[in-house]
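Please keep the sequence and the 3D view open while you read.

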Amino acid sequence: MTSLADLPLREDLRGRQPYGAPQRPARVALNVNENTHGVPEDVAEDIVAALREAVTTLHRYPDREFTALRESLARYLGHGVQVEQVWAGNGSNEVIQHVLQAFGGPARSVLGFPPTYSMHSILAGSTGTRWVEGERDEGFEISPETVVREIERTRPDLVFLCGPNNPTGTGLGLDTIRAAYEATDGIVFVDAAYAEFMPTDHENALTLLPGRERLIVSRTMSKAFAFAGARVGYMAADPAVVDALRLVRLPYHLSSLTQAAAIAALAHTGEMLARVDEIKEQRDRIERELPELGFSPWPSEANFVLFGGVADPARTWSELLERDVLVRNLSIPHTLRVSAGTEAETSEFLSALAEVGGAAA
Ligand code: PMP
């Protein structure tokens, strides 16, 4: 048997771990922050019709500039975002990779604030960008003073902020983004994958784009649009940033099928987003009910909740799985993370957890 150690692998990849959220079959899968409501039937029918049409031209390469999709995304984003400011990829993971390929790389560094989305550091590693870690404040917050202090301490080429933050659910203030932008000459990248789940009175990071040509705000259709399987993430930034990303993307990286499916789904924005309010209600319910079971949730602005006070997270995780409920153990001591599902799934999670117990004494 050949192992990695036998291969002439890049030295800097030795000993690294791949992205590893366990994919286990479970009836109530609340482990990777998907939108468990699924795609409504009428939307599915429109997507199929669009795919049917797209299949007839599969002998041709897709529109490399995916202009129609970018138009749909610009319209969806609003806030004056123009089509030439929009870029997309196979999930926002690919967008993040493009950003690191264009602005990171060997001899460059990216500052991130753990605990945060694990792909930020993994993609830094795979693009040869040095990952440096900043410290958060109490309660996983990042104040403007803290972001400036950490930027001055580490002098990174890119600053990665995640708001709302995965896995903690913590919101990200616009004042922190502004302060980060002022404190660096590098790229400030805001991963707003969960933007649609924020309180509606919170200002959107997109409003900061005018006049800030080094600011990037990324989003995804995976969560609010229940489109994780289609792999469509996107971002908005200055058109010059988009030009930079054209230098590193693979030609035709978004298939005709992906483009067609996403455009069809975006035509149903209202219906696709109607579920977001229901998911937020279930998230708030989890936050309300967990303390009654002896656990301590952190306030979340996303579609999931990180909760502490778990005596033995690995054990509670397994005991929940025995009851067909899959949550996520991120190895943050005494915590687990659960996605907000439908009302029925959330009820199943809460009653399974009540049965399992496992709160620290
Ligand atoms: N950013 C954050 C913060 C995420 O949590 C995720 C997925 N869990 C992503 C980006 C990537 O999502 P996708 O590639 O499906 O767009």
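1. Ground rules. This is a predicted model, in which local features need pLDDT of at least 70, side-chain atom pairs count only at pLDDT 80 or more, and totals for chains, interfaces and linings use all residues. Residues are numbered from 1 along each chain as its sequence is written, and side-chain values use heavy atoms, with hydrogens and water left out.

2. Salt bridges. Side chains of opposite charge can pair when their charged atoms come close. Here a salt bridge means a side-chain nitrogen of Lys or Arg within 4 Å of a carboxyl oxygen of Asp or Glu. The structure holds 15 of these salt bridges.

3. Where does Arg249 sit? Arg249 is in the loop between helix H7 (239–246) and helix H8 (256–266). Helices are DSSP runs of H or I with at least four residues, numbered from the N terminus. Arg249 forms a salt bridge with Glu65, 3.3 Å from N to O. Glu65 lies in the loop between H1 and helix H2 (67–77), so the pair ties together parts that are 184 residues apart in sequence.

4. Cover. Buried means under 20% relative accessible area, exposed means over 50%, and partly exposed is in between (1.4 Å probe, protein chains only). Arg249 counts as buried because its relative accessibility is 11%. Glu65, at 21%, is partly exposed.

5. Arg70 is buried, at 5% relative accessible area.

6. A bridge within one helix. Glu289 and Arg285 meet in a salt bridge of 3.3 Å, N to O. They are four residues apart in helix H9 (residues 269–289), so about one helical turn separates them. Glu289 is partly exposed at 26%, while Arg285 is buried at 15%. Elsewhere, salt bridges that share partners join Glu65, Arg70, Asp243, Arg246 and Arg249 into one network.

7. Surface patches. Patch residues have over 30% relative accessible area and no salt bridge; like charges are joined within 9 Å, and nonpolar side chains (Val, Leu, Ile, Met, Phe, Trp, Tyr) within 5 Å. Glu41, Asp42, Glu45, Asp46 and Glu271 form a negative patch. Helix H1 (residues 41–55) gives the largest share, four residues. Val55, Leu58 and Leu257 make a nonpolar patch of about 230 Å². Leu257 belongs to helix H8.

Definitions and conventions:
Accessible areas come from the Shrake-Rupley method with a 1.4 Å probe; for residues, only the protein chains shown count as cover. Lys and Arg count as positive and Asp and Glu as negative; His and the chain ends are not counted. The place of a charge is taken as NZ of Lys, CZ of Arg, CG of Asp or CD of Glu. Helices (H or I, at least four residues) and strands (E, at least two) are DSSP runs, numbered from the N terminus.
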